[in-house]
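Hello,

Here is the structure I promised to pass on to you. Please have a look at it first, and then read my notes below.

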Amino acid sequence: MNNTTKEQQLVIASKAEVLLVNAFAGTGKTSTLVRYAEANPRERVLYLAFNRAIANEAGQKFPSNVQARTTHSLAYGSFGELYRPKLGELAPSHLMRAYRFNVMLASQVVETVLAYVRSADTAIGLQHVPEIVPVAERESLLPLATKVWKDVKDPSNKDIPMPHDGYLKLYQLTQPNLKKRFTTILIDEAQDINPATADIVLRQDVKLVLVGDRHQSIYAFRGAKNAFELAEQIASAKNRKIERLALTQSFRFGSGVAAVATRLLQGLKKETLSVIGKDGLDTSFVVDREKPYAIIQRTNAKVFARAVELLGKKSFAIVGAENFPFGKIVDVFYLWTDRLTEIRDPFIRSFGTFAKIEEYALAADDKELLSLFQVVKQFKASIPTLVPMVKQALVAQDQAHITLSTAHKSKGLEFDQVILGEDFENFVDEEGFVRADEMDDLDQEANLVYVAVTRAIKAIELNSSINNVFAALDAGKVRDVKEPFANDAKGVAENVSVAPLSATDGLDESAWLGFPTYGTQMPAATPKSESRAEQLAQKIKDSILREGLMTADEIARDLGENVHVVAALIARMIGAGGLSEKLFSQCQKVGFWLSGEGEFL
């Protein structure tokens, strides 16, 4: 066991039935699993990787008693091969053509089907319906989603494709038994597997070794769950011996990057362990721009903006350039300028107007579309010229002076020098407190910052988001629990004076379906929505009085309502004199409605 740390040696020597290894960034997860397999030559081992590239690379490193696979490859022979002619992404446009669904309904049904497919459940249920759909409307989506799933499973129906997660779902439903083929299963990047995959693996009556970093879980939007928690539940139910170990010693970066990562995890996520840096590797907090470096951004919009800045100045590459949404940027621009015949993407074309796609993206919280809107609104008429210029200027990563990446795309990579972009989440509120009380909602954003930081080997330049967190921690300003409203109950009651809503103070009926009308004008009410608006208005006032909640997000969370609907109604209540505008002076979503600018801030 030369060249292994004491932590790694404990993993390699473990005889536990279920071994859970929480491994920080750069701690040699895969190499530790290789050593584990070498130490158990009589075991028939299945190594499961997140994607084919990782599985292929790992297959070259493991001894002969190990098969390196993806879970999809296990399912392909049984089910995937049957659907080869119709394999592909299930998109709303397929449902719009096949069933004449409108774009909103098609999107909701697709999300429902995909949520079911990625779950461990045996049937489609209300738990799979998107949260943006009001409770009263959810039941009606189930028969539609069930019909679509039936058509997805029909090999002869070429109009409705079978996603790769779909045939994996069919495999999971058969409750496959892998015990005859394998005695041990190793799961790498365990934080990124979805419940369907976890159900396949964790039900196996073999030795299980799960290795991952819960702080690198950044794919919740794809249905990924922390498999460690699921493993604990299932192993406990089966009375299986569980051993929990950790890998904290990084081989990638020195003590400087390790200190930043540790402070972020402990300050934002209550982590109790520390990331340990590599001895003898110094960290600079200033990037030498004469040498190659990477810039990691939160969004594709900022990656594109950076690329435009670099045109004619420095050679640059974009990580995952082959999948960068250049075409969608142009299509959104064409929709923005009413040039529908030039739009190639059928989903984008189906909206007909930019106002409708903006309404959809805001209601559905479609972060990709919102990012594209930023690009189009920033560069406007220059888009058709800039997109081909950026594409033509791209070079291979090994030839680039500057490598541009989103945090998501940077996962699994490392760079000598890293600059963090300024578009990451702000974890400090208006009063300078760390938003620790909101970290359940911000968990994925905190993980993205941690992933970005830990890509650096020698040098890293921090952004204002991280510097603000550290300043708040230094000052002891951490909001661990919701603080009571500054005014006393009487003061709050005076600010929340009751004023009845008239018919023009409500919301469009579509808002009560979960899809507020976003545009330059605040929506008018219909008779159907008036009583609903009045009821919700009273609930908003009660929430403010009861909890002292002063942002649309907090109130919506308290009431279980769509945040955009709540923000729009608060603005209407302010306009009608029912609420003081001062109460929401720091709430950007309410400010959006009050401004009339038509752009989501």
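One thing to keep in mind is that this is a predicted model. Threonine 551 is 36 residues away from cysteine 587 in sequence, yet their C-alpha atoms are 5.4 Å apart in space.

Next, the sheet. Six strands form an open sheet with parallel pairing, in the order S3-S2-S4-S5-S1-S6. Strand S3 (66-70) and strand S6 (242-247) are at the edges with a single partner strand each, so one side of each has no neighbour in the sheet. On average, neighbouring strands are turned by 15° against each other, direction ignored. S3 pairs with strand S2 (residues 45-49) in the parallel sense over 5 bridges, and one of these links tyrosine 47 to alanine 68 in S3.

Helix H10 (residues 195-202) touches S2, strand S4 (184-187) and strand S5 (207-212), and its direction makes about 145° with that of S5. Helix H11 (residues 227-237) touches strand S1 (18-23), S5 and S6, and its direction makes about 160° with that of S1.

Finally, do look at helix H16 (residues 354-364). Of its 11 residues, 9 are buried, so H16 is largely enclosed by the rest of the structure. Among the buried ones are Phe354, Ile357 and Tyr360. The cover over the buried residues of H16 includes helix H6 (103-118) and helix H25 (563-575).

Enjoy exploring!

Definitions and conventions:
Residues are numbered from 1 along each chain as its sequence is written. This is a predicted model: local features need pLDDT of at least 70, side-chain atom pairs count only at pLDDT 80 or more; totals for chains, interfaces and linings use all residues. Side-chain values use heavy atoms; hydrogens and water are left out. Buried means under 20% relative accessible area, exposed over 50%, partly exposed in between (1.4 Å probe, protein chains only). Helices (H or I, at least four residues) and strands (E, at least two) are DSSP runs, numbered from the N terminus. Contact means heavy atoms within 4.5 Å. Two strands pair if DSSP finds at least two bridges between them. Axes are lines fitted to C-alpha atoms, for helices over the stretch in contact, and angles run from 0 to 180 degrees between N-to-C directions.
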